[in-house]
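Here is a short tour of a protein chain, written for someone who likes to check each contact and pairing by eye. Have your viewer open and follow along.

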Amino acid sequence: MIISATASGFEIKDKTISVRLEKSIKIADFVIEAPGEYELQGTEIVGLQLGEGTLFRLVIDDVAFVYPLLLSEAPTDEQLKDFGSVDVLIADDLTAPVYQALVQNTNVREMIIHSGLVDADALKLKGETMASVKLDQRSLPEGEPKVILLTNK
């Protein structure tokens, strides 16, 4: 799959699906903004209500993503316990407490951060800057999470 930055979020494309993450989740004409369990075009989505925001887990081509949507407070260990494993943190809105909780409690292997919308310097994130990234289960790193800063230039 190919992940690229848009002006206000991300687009994930593979052979059969296009998913837009822009303050909601858009698959074809379907928009997900609320917590719940969904399955659309082979993509599994689970959204957990956390305060006024939602933490989404999406599984696309056997890669599990976590997408924090308008989270103002960090999820607790207890809230994340039943959330399942996550391969990639993908974020266009991220605060330090939310970032730390997600990285420490979900075994994230790769982080894809929108460099135009998230202050990577404030989070002390250093990584490779690019316009898009090709990703599959085999390409995910082992050990320390890899940071990719996507830009929509």
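## A parallel pair

Strand E9, residues 63–69, runs parallel to strand E10, residues 88–91, and two bridges join them. If you want a place to look first, Phe65 stands opposite Val88 in E10. Please keep in mind that this is a predicted model.

## The open sheet around it

E9 and E10 belong to an open sheet of eight strands with mixed pairing, in the order E6-E7-E8-E9-E10-E11-E14-E12. Its edge strands are E6 and E12, the latter spanning 128–130, and each of them pairs on one side only. From one strand to the next, the twist averages 20°.

## Two hairpins in a row

Together E2 and E3 make a hairpin, with four residues between them. Within this pairing, Phe10 has Leu21 of E3 as its bridge partner.

E3 also has a partner in strand E4 (residues 25–27): the two run antiparallel and are joined by three bridges. Here Val19 stands opposite Ile27 in E4. The hairpin of E3 and E4 has three residues between the strands, and in this hairpin Lys23 takes a positive phi near 65°.

## The two faces of E3

Which residues of E3 lie on its covered face, and which on the uncovered one? Val19 and Leu21 make up the covered face of this strand, residues 18–21, while Ser18 and Arg20 form the uncovered face.

## A glycine and a threonine to compare

Gly42 is found in the loop between strand E6 (36–40) and strand E7 (43–50). Is Gly42 buried or exposed? Its relative accessible area is 55%, so Gly42 counts as exposed, the cut-off being over 50%. The C-alpha atoms of Gly42 and Asp61 are separated by 8.4 Å, with the two residues 19 apart along the chain.

Thr151 sits in the segment after strand E14 (146–150). Why does Thr151 count as buried? Thr151 does so because its relative accessibility is 15%, and buried means under 20%. Leaving aside residues up to four places away in sequence, Thr151 touches Ala5, Ser115, Thr129, Met130 and Ala131. Two of these names, Thr129 and Met130, fall within the 128–130 range of the edge strand E12.

Definitions and conventions
Residues are numbered from 1 along each chain as its sequence is written. This is a predicted model: local features need pLDDT of at least 70, side-chain atom pairs count only at pLDDT 80 or more; totals for chains, interfaces and linings use all residues. Side-chain values use heavy atoms; hydrogens and water are left out. Buried means under 20% relative accessible area, exposed over 50%, partly exposed in between (1.4 Å probe, protein chains only). Two strands pair if DSSP finds at least two bridges between them. Axes are lines fitted to C-alpha atoms, for helices over the stretch in contact, and angles run from 0 to 180 degrees between N-to-C directions. Contact means heavy atoms within 4.5 Å.
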